[in-house]
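This report describes the overall build of one protein chain and then turns to a few selected positions within it.

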Amino acid sequence: MRTPTGWQAAGPTALRRASLERRDLRPDDIAVRVDYCGVCHTDLHALDAYDQHAEAPLVPGHEFTGVVTGTGPEVTAFSVGDHVAVGNIVDSCGVCAMCEAGQENFCHSFPTLTYGGTDRQDGSATLGGYSREYVVRDAFAYPLPSGLDPAAAAPLMCAGVTVWEPLRALGVGPGSRVAVAGLGGLGHLAVKMAVALGATTTVISRTRDKRDDARKLGAHDLIASTDTEQMAAALDTFDVVIDTISAPHDLAPYLKLVAVDGTLSLLGYLGPITVEAMDLLIGRKKLSSAGSGGRPATAEMLQSCADNSIAADVEVLPSSQVDTALDRLRRNDVRYRFVLDMSDLD
């Protein structure tokens, strides 16, 4: 058993430094020294729902980069010293139709999550990347392309691939008209990726206060969702609307912006929604959703980001300030992603 140090939930609003238990390396495992781990809204939701009397500990963190420090005897794709990235999926059944299609994120028996999941071999709870070390199957680790800053690349492994898959699945490319609703951790990466794919890209935000930020990210324009004249002028305009708004909201105004045969892709809020059929009927509009990404798409996303110099805009904090990062994230006080530097766990 391996015993790295990490940050374990001590309740819904705090974490404590603790010695964790990682499995010894299996034949197809690698050990990763975690250098940088992103802080995701999912971490907040997991902490809010955590029962401190639960049998299994909670260690958040599912988007991280680091260096290989050990390999199992069957590992051929990685060597000690390689820079790698790991996302929010660390295993799947490997045999269902989705897994065979390279969509492990839709595994019929549900993918094994980086934390809060159940190991498929020994039944233990998976513990996340708020830790100095992680042990993972080699198939679910990815080479980190040279040229990508490891701190700024960490959020690509969750937020990045979450927006990349629908952009690619919906055929976004030169000539596409894309709108991104919400300019946060997901939204700012959606803007950068849509622009890199060649789309004319617009940000939709509550006010025009973020116009300069949107332009710096590469967006061509910004529409204020509270400006009825602007919203009316954009009726039936966009081939794809990427909705990254994390709170419950009315989808009707955003569906009205979708062009004939276009799609509203709902990524930020995954709870119950209400949709008027007429909002879809008029214009043959489509409503879709997506989450995370399969192995091929994740590898493609990383290479595209390296080729186009895309990374998250991050604020890096020592991991000892994790509670500060989580508190500020609750208040949306970040542009656009917190990343924890795990070196202070040595």
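Two residues are in contact when heavy atoms of the one lie within 4.5 Å of heavy atoms of the other. In this predicted model, among contacts between residues at least 6 apart in sequence, 64% join residues at least 24 apart.

**Overall build**

The secondary structure of the protein comprises 11 helices and 17 strands. The radius of gyration is 20 Å, close to the 20 Å that the globule rule gives for 346 residues, so the protein is as compact as a globular protein of that length. Along the principal axes, the C-alpha trace spans about 60 × 40 × 35 Å. Of the 346 residues, 53% count as buried. The protein exposes about 14,800 Å², and carbon and sulfur atoms supply 50% of that area. As to charge, there are 29 positive and 44 negative side chains, and the centres of the two sets lie 4 Å apart.

The table sets out two residues with their locations and relative accessible areas.

| Residue | Location | Relative accessible area |
|---|---|---|
| L345 | segment after β17 (337–341) | 4% |
| S265 | strand β14 (residues 258–266) | 1% |

L345 counts as buried because its relative accessible area of 4% is under the 20% cut-off. Leaving aside neighbours within four places in sequence, L345 is in contact with T5, G6, W7, R17, S131, R132 and S319. L345 and R2 are 343 residues apart in sequence, and their C-alpha atoms are 15 Å apart in space.

S265, in strand β14, is likewise buried, with a relative accessible area of 1%. When residues up to four places away in sequence are not counted, S265 touches P166, L170, V241, I242, D243, S288 and S289.

**The aromatic pair**

How many aromatic pairs does the count give? The count comes to 1 aromatic pair. A pair of aromatic rings is described by the distance of the centres and the angle of the planes. F64 and Y134 form a tilted pair, at 5.2 Å centre to centre and with 45° between the planes. F64 lies in strand β4 (residues 64–71) and Y134 in strand β8 (residues 133–137), so the pair ties together parts that are 70 residues apart in sequence. Both F64 and Y134 are buried.

Definitions and conventions: Residues are numbered from 1 along each chain as its sequence is written. This is a predicted model: local features need pLDDT of at least 70, side-chain atom pairs count only at pLDDT 80 or more; totals for chains, interfaces and linings use all residues. Side-chain values use heavy atoms; hydrogens and water are left out. Helices (H or I, at least four residues) and strands (E, at least two) are DSSP runs, numbered from the N terminus. The radius of gyration is taken over C-alpha atoms; the globule rule is 2.2 Å times the number of residues to the power 0.38. Buried means under 20% relative accessible area, exposed over 50%, partly exposed in between (1.4 Å probe, protein chains only). Accessible areas come from the Shrake-Rupley method with a 1.4 Å probe; for residues, only the protein chains shown count as cover. Lys and Arg count as positive and Asp and Glu as negative; His and the chain ends are not counted. The place of a charge is taken as NZ of Lys, CZ of Arg, CG of Asp or CD of Glu. Rings of Phe, Tyr and Trp (its six-membered ring) pair if their centres lie within 6.5 Å; planes under 30 degrees apart count as stacked, over 60 as edge-to-face and the rest as tilted.
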